[in-house]
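Student: Could you show me how to read a model like this one, feature by feature?
Tutor: Gladly; let us look at it together.

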Amino acid sequence: MLKPGRHLVLGNVACAEGAIRAGCRFFAGYPITPASEISHHVAAELPKAGGVFLQMEDEIASIASVIGASWAGAKAMTATSGPGYSLMMENIGYAHMTETPLVLVNVQRSGPSTGQSTSPGQQDIYQAKYGAHGDYEVIAISPWSVQEMFDLTVRAFNLAETYRTPVMLMSDGLIGHIEEKLIVPEKVEVVNRKKSTSMDATPWGTDDPSGVPEMPAFGEGHKLLVTGSTHRPDGVRNFSPEYHQMIVYRIRDKILNAEPQIRDIHKVHMDDAKVAVLSFGASARPSIEAVQRARSEGIKAGLFRPRTIWPFPETEVKALAEQVEAVIVVEMNVGKYVKEVERAVCGKTKVVSLAKVGGVLPLAREVLNVTRREAQ
Amino acid sequence: MKNLFYYRDKYVRSQPSAFCPGCGGGIILNCFLRAIDDLGLDLDKILAVSGIGCTAWIPSPNFNGDTLHTTHGRAIAFATGAKAYNPDLTTVVFTGDGDGAGIGGNHLIHAARRNIDLKVILVNNMSYAMTGGQIAPTTLHGETTVTSPYGNPEFPFDITQLVKAAGASYVAKWSTYHVLELTRSIKEALQHKGFSFIEVLSQCPTQQRRIFNLRGTLQSLPPRILDMFGESTVIRGRPDKGDYVYAVPKEDVSETLKQVESLGISARVVDHIGFGQVVRVDEEPESVKAKLEALSSVTYVADHKESKIEMGLFEKKSRPEFTDSLKEIIKKARGE
């Protein structure tokens, strides 16, 4: 493990370092570019912390074993990229239904299919939210630097344990594969899961207003019944409409009601901004450069960068619509997040899409040109 | 001496049974509970994992311990994570033939290769039963199912041999006809360190009625299918019992029976997995074979061992177990 202090490391290495410090003690994965370095580093470092690293036979087995380990009491994680992410979808739905805390890193690459297998993309953001069948609400966070690969991996674990839910760390091939400065802090803030206080725990129901039930582990005598079927608060399968509504609304609302706490927006020059550049992850890097150059030209531009992309920062984006004359949404796909922004602003301000596919970043110049145009 | 009690009271959650009448699932649950009771295992340290399908319902919700009821085909992968993180859990996987050898076949062979200490009970009813009786990777060639109305064009896996070849260190095969042997085998598996696999041929009166073309009331089918399992199996290493032959009918088995009986030979119609309905003649083969072969309704006369499914112990060996190797890795990484 890296010592506290300054380092020059790969984004994927920073992610692995953050995970172990957050308390990750189980990792299972399957080789895939551009995510593999996470498992390389975890394989070397996790056993030193007493943790278990498994290379499974495929991504389906990887996410399955992560869920099994999480119920055995581990903070657990897997990392993959597009094709593997697609394979994991069914069991991600299972993790939502069983409220299993885990962290899933998707180092996104340019698809569909094999696509540009080593090039970055941000095309899986809807898959993160809607990929598995059925209704659920997801937490997805998006790092834009090596430092954030570390910090947000720690946060991903804390969110997973706080809300007893899978958390998606939506990185991409660029952030995973760049080397940058990483400052490893002396100590990170770690949240541990809410353990059961009694043997009569109802692991799938709670009177707590948070909607987050206690989570016992296997081997503790709780006679757990963990099932992906619709179940009563004690875990017993029951297909009645009442129980199904109860569970689906609770797993949705425990995330949506906590949106103000889960929300995490990085704002630069937003106080007096008239044009907002809304971007996240890798595409926010040219975006901030464009904002700074626009400012030097006297344009009141600002960067609005959600680090938490799901749940969508609805109230913040609505407020943004009251403040600025235009929101430019910069992203590396055919224009996906922009649709959420359009929905939220309800026509109250102009929304411009600067979406780019091809495995390349939008250029700062391209963002600047649109910013200039919208500032006129 | 043990006090008398119901296994149901001690080990089964109070639930209405989800099984069809006459299902083999209850027999297998019974054998499993007897095995853990005989061994006096700590219930709190047993984890039962299952996937999707009828077999998945054997432990879930019945087994009154920790249960993990997972997605289709993935039970072994889920179990691998739980066991690798907490090797103190006696982890037992219940999987069906479709679940374990179809959609989950990859996890099955890789877990066997790793020799991870999971106890896998694969219940083979030769079909996808819960979904309506479609062809499974275990359905015999030519058999009729809802997805093979003209006969199954595929050939089945020999799952036991597959898992043995993949590296499992304990492999056995029994049927719901062999309850004592199965219970003993589950006990052996529970005490064995390493990947332990037991294939259990099980009756499914609901779907096998079509597959094996069994006529008669639903009530009559469970014992009849169990008898068929007894008729169609041979136990490894057990001395051959008696001499008999099968007169395989050309078409109508009752016609064949009539012809055989007209020779003054006592015979009976039995169900046999390999032959379907067939006439069994308990006589010295040499004395009756030629006579039977001469009958117009007989296709040919089969030796009593022909087309039988082998039951018994197929593998029991010691080789390094996966979670032990993981512990070694942690020691090595820490320089201990």
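**Domains, a helix and an interface**

Tutor: This is a predicted model, and the domain assignment of chain B gives domain 1, which covers 7–232 + 310–327, and domain 2, which covers 242–304. The centres of domain 1 and domain 2 of chain B, taken over C-alpha atoms, are separated by 34 Å.

Student: How many residues of each domain of chain B take part in the contact?

Tutor: Domain 1 of chain B gives eight residues and domain 2 of chain B gives six residues; on the side of domain 1 that touches domain 2, three are nonpolar, two polar and three charged.

Student: What should helix α4 of chain A span, at 1.5 Å a residue?

Tutor: Its 16 residues (82–97) should span 22 Å, and because the end C-alpha atoms of the helix are 22 Å apart, the two values agree.

Student: Which residues of α4(A) are buried, and what do they pack against?

Tutor: In general, an α-helix has 3.6 residues a turn, so residues three or four places apart point the same way. Here the buried residues include A:Tyr85, A:Met88 and A:Ile92, and the buried residues of α4(A) pack against elements of chain A including α3, β4 and α8.

Student: How many residues does each chain give to the contact between chain A and chain B?

Tutor: Chain A gives 36 residues and chain B gives 33 residues, and the largest share of the chain A side, nine residues, comes from α3(A). β10(A) also pairs with β2(B) in the parallel sense over three bridges, with B:Thr67 as the bridge partner of A:Leu225.

Conventions: Residues are numbered from 1 along each chain as its sequence is written. Chains are lettered from A and ligands numbered from 1 in the order in which they are written. This is a predicted model: local features need pLDDT of at least 70, side-chain atom pairs count only at pLDDT 80 or more; totals for chains, interfaces and linings use all residues. Domain bounds come from an automatic or database domain assignment. Two residues are in contact if their C-beta atoms, placed from the backbone, lie within 7 Å. Ala, Val, Leu, Ile, Met, Phe, Trp, Tyr, Cys and Pro count as nonpolar, Asp, Glu, Lys and Arg as charged, and the others, Gly among them, as polar. Helices (H or I, at least four residues) and strands (E, at least two) are DSSP runs, numbered from the N terminus. The expected span of a helix is 1.5 Å times one less than its number of residues. A residue is buried if 20 or more other C-beta atoms lie within 10 Å of its own, exposed if 12 or fewer, and partly exposed in between; C-beta atoms are placed from the backbone. Two strands pair if DSSP finds at least two bridges between them.
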